[in-house]
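Have a look at the sequence and the fold first.

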Amino acid sequence: MARIKDVAESANVSTATVSRILNNDPSLSVSGETRRRVLEVVNELNYKPGRRKKTKAFQEQGSYSIGLVLTNDEAIDPYFMSIRQGVESVCDQYSVKIATVFHIGKSHFSSGGMNELDGLIVLGDVNSEELKGVYSHNPNIVFVDFVPEEVYVDVVISDFETATLKILDHLFSKGHSRIAYIGGKGLIRSIHNEREIEKEDVRLSTFERRMKEKGLFEADNVLVGEFGPLSGYTLMKQLIGKPSFPSAVVVASDPMAIGAMKALHEAGLKVPGDISIFSFDDIEASAFLNPTLSTVKVHTEEMGRTAVKLLVDRMKNGRELPLKVILPTELVVRESSGPLL
């Protein structure tokens, strides 16, 4: 069996460097070539580090080291930043330490660097089969805002299906029947490369089903791009140019809605006089727009806190039965949605 010393000698680096590379130490300054060489040797020698033995005091305190896997740019979408803040807010309470943060598209995922962790919390859409391939020594994984096909993991999501139905019923009650949808593509991301697999977005599928039930669905008024303000702006520009311009739009996220409202303002269209807007997330900025944004309040911080509780239950109590927690949402009706004029 290969030892860390063998890896270090073959890669011509110190054992400390090998350890820090495998643990994704952000303070380590090495060249990309060195990092690549070490990881190649790890694979060639099939090196698998042993689990670090916790001291008696550590075990008695019930402390755990976990990894956090991030899939989205928090600077663009504060939705995921809020979930992460929820995770971090209760870690001390449950004697949990976030030992490593993995960024999809930036971090290297390897069994050597991950199997030392007691558990993982994954924020967003990640290929769970790939993840299990490198994190295989225990089932302590919680996915937040994503339901993978595998049934061995815990899941925390929000009830977007009910929320979408409530939005539509609200708009119907205000006299709207020509309602459009602007959203982003649901993409499951690979941890090893840039490959992405498209997935169903429950907001879009629920919108389509309900509109068809009412005999009101117009495929030409469904536009899907990327999540974020720029895409919301671009898609709304496209919608403005269509002959079947709607009286209301359901937008999949507040950042997209902010971009959409800018496009409407530039076109001289009034919200809600000419068109009503209703979106999702209830980020802080939504209450400070002009007009203020009608949206679905998603309890993002509670999603993060719940993920920690589920993970601790697995790590501390050995629960094996996977749990799926669906948190409720709330409609927040503000100025951007109004009656059909």
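## Salt bridges

R209 and E161 form a salt bridge, with their closest N and O atoms 3.3 Å apart (the term means a side-chain nitrogen of Lys or Arg within 4 Å of a carboxyl oxygen of Asp or Glu). R209 sits in helix α9 (residues 202-213) and E161 in helix α8 (residues 160-173), so this pair ties together parts that are 48 residues apart in sequence. Helices here are DSSP runs of H or I with at least four residues, strands are runs of E with at least two, and both are numbered from the N terminus. R209 is partly exposed at 36% relative accessibility, and E161 is also partly exposed, with a relative accessible area of 36%. On that scale, buried is under 20% relative accessible area, exposed is over 50%, and partly exposed is in between, using a 1.4 Å probe and protein chains only.

A word on ground rules: this is a predicted model, where local features need pLDDT of at least 70 and side-chain atom pairs count only at pLDDT 80 or more, while totals for chains, interfaces and linings use all residues. Residues are numbered from 1 along each chain as its sequence is written, and side-chain values use heavy atoms, with hydrogens and water left out.

The structure holds 22 salt bridges. One of them links K262 and E266 at 3.1 Å, N to O. These two are four residues apart in helix α11 (residues 254-266), which puts about one helical turn between them. K262 is partly exposed at 48% relative accessibility, and E266 is partly exposed at 40%.

Another joins D282 to K297, at 3.7 Å from N to O. D282 lies in the loop between β11 (276-281) and β12 (294-297), and K297 in strand β12, so the pair ties together parts that are 15 residues apart in sequence. D282 counts as buried at 16% relative accessibility, whereas K297 is partly exposed at 30%. Then there's a network: salt bridges with shared partners join E161, D169, R209, R210 and E213 into one.

## A buried glutamate

E130 belongs to helix α7 (residues 128-134) and is buried, at 14% relative accessibility. Its side chain makes a polar contact with the side chain of R195 at 3.0 Å. That term covers a pair of N or O atoms within 3.5 Å; within protein, one must be able to donate a hydrogen and the other to accept it, and residues adjacent in sequence count only if both atoms are side-chain atoms. Setting aside residues up to four places away in sequence, E130 touches S190, I191, H192 and R195, where contact means heavy atoms within 4.5 Å.

## The six-stranded sheet

Six strands make an open sheet in the order β2-β1-β3-β4-β5-β13, with parallel pairing; two strands pair if DSSP finds at least two bridges between them. β2 (96-103) and β13 (324-327) stand at the edges with a single partner strand each, so one side of each has no neighbour in the sheet. On average, neighbouring strands are turned by 20 degrees against each other, direction ignored. Axes are lines fitted to C-alpha atoms, for helices over the stretch in contact, and angles run from 0 to 180 degrees between N-to-C directions.

Within the sheet, five bridges join the parallel strands β1 (residues 64-70) and β3 (residues 119-123). I66 has G119 as its bridge partner in β3. Helix α5 (residues 78-91) lies across β1, β2, β3 and β4 (141-144), running at about 155 degrees to β2.

## Nonpolar cores

Which residues touch the most other members of the largest nonpolar core? Of its 41 residues, they are I121, L123, V144, V156, I179, V250 and M303. Helix α12 (residues 300-317) supplies the largest share of this core, seven residues. A nonpolar core is a set of buried Ala, Val, Leu, Ile, Met, Phe, Trp, Tyr and Cys residues joined through side-chain atoms within 4.5 Å.

Leaving aside neighbours within four places in sequence, V144 is in contact with I83, I121, V122, L123, G124, V156, M303 and A307. A second, separate core has 20 residues, including I104, L117, V126 and I191.

Two cis peptide bonds are worth a look. V271 and P272 are joined by one, with omega at about 5 degrees, and P272 is in the loop between α11 and β11. The bond from N290 to P291 is cis with omega near 5 degrees, and P291 lies in the loop between β11 and β12.

D145 has a positive phi of about 70 degrees although it is not a glycine. D145 is in the loop between β4 and β5 (154-158) and is buried, with a relative accessible area of 16%. D282, from the salt bridge with K297, has a positive phi too, near 60 degrees.
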